[in-house]
Amino acid sequence: MKDKQIPYKIYIEENEMPHSWYNLRADMKNKPAPLLDPVTHKVMTAEDLSGVFCDELIRQELDDATAYYDIPEEIRSFYKMYRPSPLVRAYCLEERLGTPAKIYYKFEGNNTSGSHKLNSAIAQAYYAKQQGLKGVTTETGAGQWGTALSMACSYFGLDCKVYMVKCSYELKPHRREVMRTYGASVTPSPSTETEAGRRILAEHPGTGGSLGCAISEAVEKATSTEGYRYVLGSVLNQVMLHQSIIGLETKIALDKYDIKPDVIIGCAGGGSNLGGLIAPFMGEKIKGEADYRIIAVEPESCPSFTRGKYAYDYCDTGMICPLSKMYTLGSNFMPAATHAGGLRYHGMSSTLSQLYDDGLMEAVTVKQTDVFAAAEEFARVEGILPAPESSHAIKVALDIAKECRETGEEKTIVFGLTGTGYFDMMSYEKFHNGVMQDYRPSDEEIATALERLPHIE
């Protein structure tokens with residue numbers, strides 16, 4: 001039965017939209033391990049990173065003491081074009097499932113980029129412009145980040161060079177063309193444009209690429225081109241900081257109706273959307289003010305949390321980026337060409353990795369055929385075609401809601417619907433035609449990739 005007191009969509013007013021981002025690391029008892037130089041293995045300083053990242057973003061990246069960062073007015077003005085985003089009560093889904101559970105999702109797909117990625121893209125483009133740079137380089141997996149960054153760079157008049165994971169470049173031509181519409185150049189990775197790309201192609205002929213490959217190429221291009229810096233759409237602390245607006249808005253909306261979630265779920269590739277969604281809730285959990293069950297959902301084909309090793313590793317396949325301590329499958333791990341391109345990264349955010357290692361959150365893996373089945377089940381009653389990445393969270397949310405149907409528990413479930421799947425129709429077609437296959441890497445594959453972890457004393 002529909003709860004008449006709570007609307008389908010809970011909006012917060014414009015004046016309630018957060019004026020600051022929340023830096024979860026400030027409240028963490030065990031801080032994430034620092035970045036290390038890939039050659040000397042010494043802790044990297046702001047000066048060490050200055051040739052790769054924008055100056056203000058470096059400050060945000062290294063700061064684990066400042067709890068809140070004011071959002072510049074130019075960024076807030078841009079946010080107002082599509083934020084606050086709605087928190088939706090899935091009444092129709094609840095009724096179809098026959099569950100006593102209450103299901104909410106934070107919908108981040110109501111902007112042209114189609115995902116949450118624009119929250120950080122506009123911030124990073126703003127700081128690049130403030131620094132007087134000519135342009136930026138980046139990688140993209142499924143294409144949401146590349147799309148968002150091309151939009152943000154267009155807004156600020158910056159050049160944008162995107163290296164897109166090759167299998168996604170081929171599977172998602174429409175996403176590629178949106179980036180080009182906004183003025184970005186898009187190159188399938190690995191490519192012959194860079195030394196890193198040529199080396200990867202020689203070692204892995206015919207590879208569909210990975211985010212680790214594309215990162216190597218983007219970093220090399222930025223550091224070898226005057227007036228450019230590299231920007232990243234996930235994994236880094238600075239990105240999680242910007243994405244905290246998702247969780248802050250979610251909490252404001254829930255607090256309006258005195259709703260306390262029992263379970264919070266997000267898909268996990270590099271960690272940006274999950275980290276952003278859970279940030280204020282995890283902060284409360286760490287401080288002992290509340291307790292939540294927090295679940296990271298990753299693809300069975302790229303199980304960083306559940307089958308990876310917590311160790312220092314290269315953030316890229318070309319082994320030129322800083323070393324980060326994270327749950328990793330090894331920078332040389334080549335994930336299968338599955339359809340959730342945004343989750344095909346070998347490692348995980350150092351912040352989320354620390355939280356997971358501390359036992360403050362849990363992780364599960366799901367098969368891609370089950371993911372698309374869940375996406376279809378959701379779309380048929382909620383009217384939104386979800387992105388394959390988001391559908392990982394949907395799958396686990398449905399599983400828990402169905403468990404509640406069996407047990408009679410009235411749990412409140414919140415998950416992140418990070419974007420729409422309208423550029424993923426080739427993937428949906430393969431699912432509907434019954435030709436989509438699941439893939440689970442063998443223990444031997446993972447062990448071989450982990451053999452190349454750097455030796456840190």
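I take the expected span of a helix as 1.5 Å times one less than its number of residues. Helices (H or I, at least four residues) and strands (E, at least two) are DSSP runs, numbered from the N terminus.

**Entry 1. Helix 10**

I began with helix 10, residues 211-223. Its 13 residues should span 18 Å at 1.5 Å a residue, and its end C-alpha atoms are 18 Å apart, which agrees.

I noted the ground rules next. This is a predicted model, in which local features need pLDDT of at least 70, side-chain atom pairs count only at pLDDT 80 or more, and totals for chains, interfaces and linings use all residues. Residues are numbered from 1 along each chain as its sequence is written, and side-chain values use heavy atoms, with hydrogens and water left out.

Then I asked how many residues of helix 10 are buried. I call a residue buried under 20% relative accessible area, exposed over 50%, and partly exposed in between (1.4 Å probe, protein chains only). Helix 10 is mostly covered, with 10 of its 13 residues buried. Among them are Leu211, Cys213, Ile215, Glu217 and Val219. Ala222 is on the buried list too.

What do the buried residues of helix 10 pack against? I count a contact when heavy atoms lie within 4.5 Å. The partners are strand 6 (135-140), strand 7 (159-165), strand 8 (185-189), helix 9 (195-203) and strand 9 (228-230).

**Entry 2. The whole protein**

I stepped back to the overall fold. I find 18 helices and 15 strands. The C-alpha trace spans about 60 × 50 × 45 Å along its principal axes.

I checked the radius of gyration, taken over C-alpha atoms; the globule rule is 2.2 Å times the number of residues to the power 0.38. A compact globule of 457 residues would come near 23 Å, and the protein has 20 Å, which agrees.

Buried residues make up 65% of the 457. I also looked at contacts between residues at least 6 apart in sequence: 77% of these join residues at least 24 apart.

The protein exposes about 16800 Å², and carbon and sulfur atoms supply 47% of it. That area comes from the Shrake-Rupley method with a 1.4 Å probe.

I counted charges with Lys and Arg as positive and Asp and Glu as negative, leaving out His and the chain ends. There are 47 positive and 61 negative side chains, and the centres of the two sets lie 3 Å apart. Each charge is placed at NZ of Lys, CZ of Arg, CG of Asp or CD of Glu.

**Entry 3. Valine 239 and glutamine 124**

I looked up valine 239 in helix 11, residues 237-256. Valine 239 is buried, because its relative accessible area is 0%. Leaving aside neighbours within four places in sequence, valine 239 is in contact with Ser120, Gln124, Leu232, Gly233, Ser234 and Ser272. Its C-alpha atom is 9.0 Å from that of leucine 57, 182 residues away along the chain.

Is glutamine 124 buried or exposed? Glutamine 124 has a relative accessible area of 0%, so it is buried. Not counting residues up to four places away in sequence, glutamine 124 touches Leu57, Trp145, Val231, Leu232, Gln238, Val239 and His242.

**Entry 4. Helix 16**

Helix 16 covers residues 388-407. Its 20 residues reach 29 Å from first C-alpha to last, close to the 28 Å expected. Helix 16 is largely enclosed by the rest of the structure, because 14 of its 20 residues are buried. Glycine 408 follows helix 16, with a positive phi near 85°.

**Entry 5. Backbone exceptions**

Most residues other than glycine have a negative phi, and most peptide bonds are trans. I went looking for exceptions.

Which peptide bond ending at proline 84 is cis? The bond from arginine 83 to proline 84 is, with omega near 0°. Proline 84 sits in the loop between helix 3 (73-79) and strand 4 (87-89). The bond from serine 189 to proline 190 is cis as well, with omega near 5°. I place proline 190 in the loop between strand 8 and helix 9.

Histidine 41 has a positive phi, near 65°. Histidine 41 is in the loop between strand 2 (20-22) and helix 1 (46-49). Its relative accessible area is 27%, so histidine 41 is partly exposed.

Aspartate 258 has a positive phi near 55°. Aspartate 258 lies in the loop between helix 11 and strand 10 (263-267). At 72% relative accessible area, aspartate 258 is exposed.
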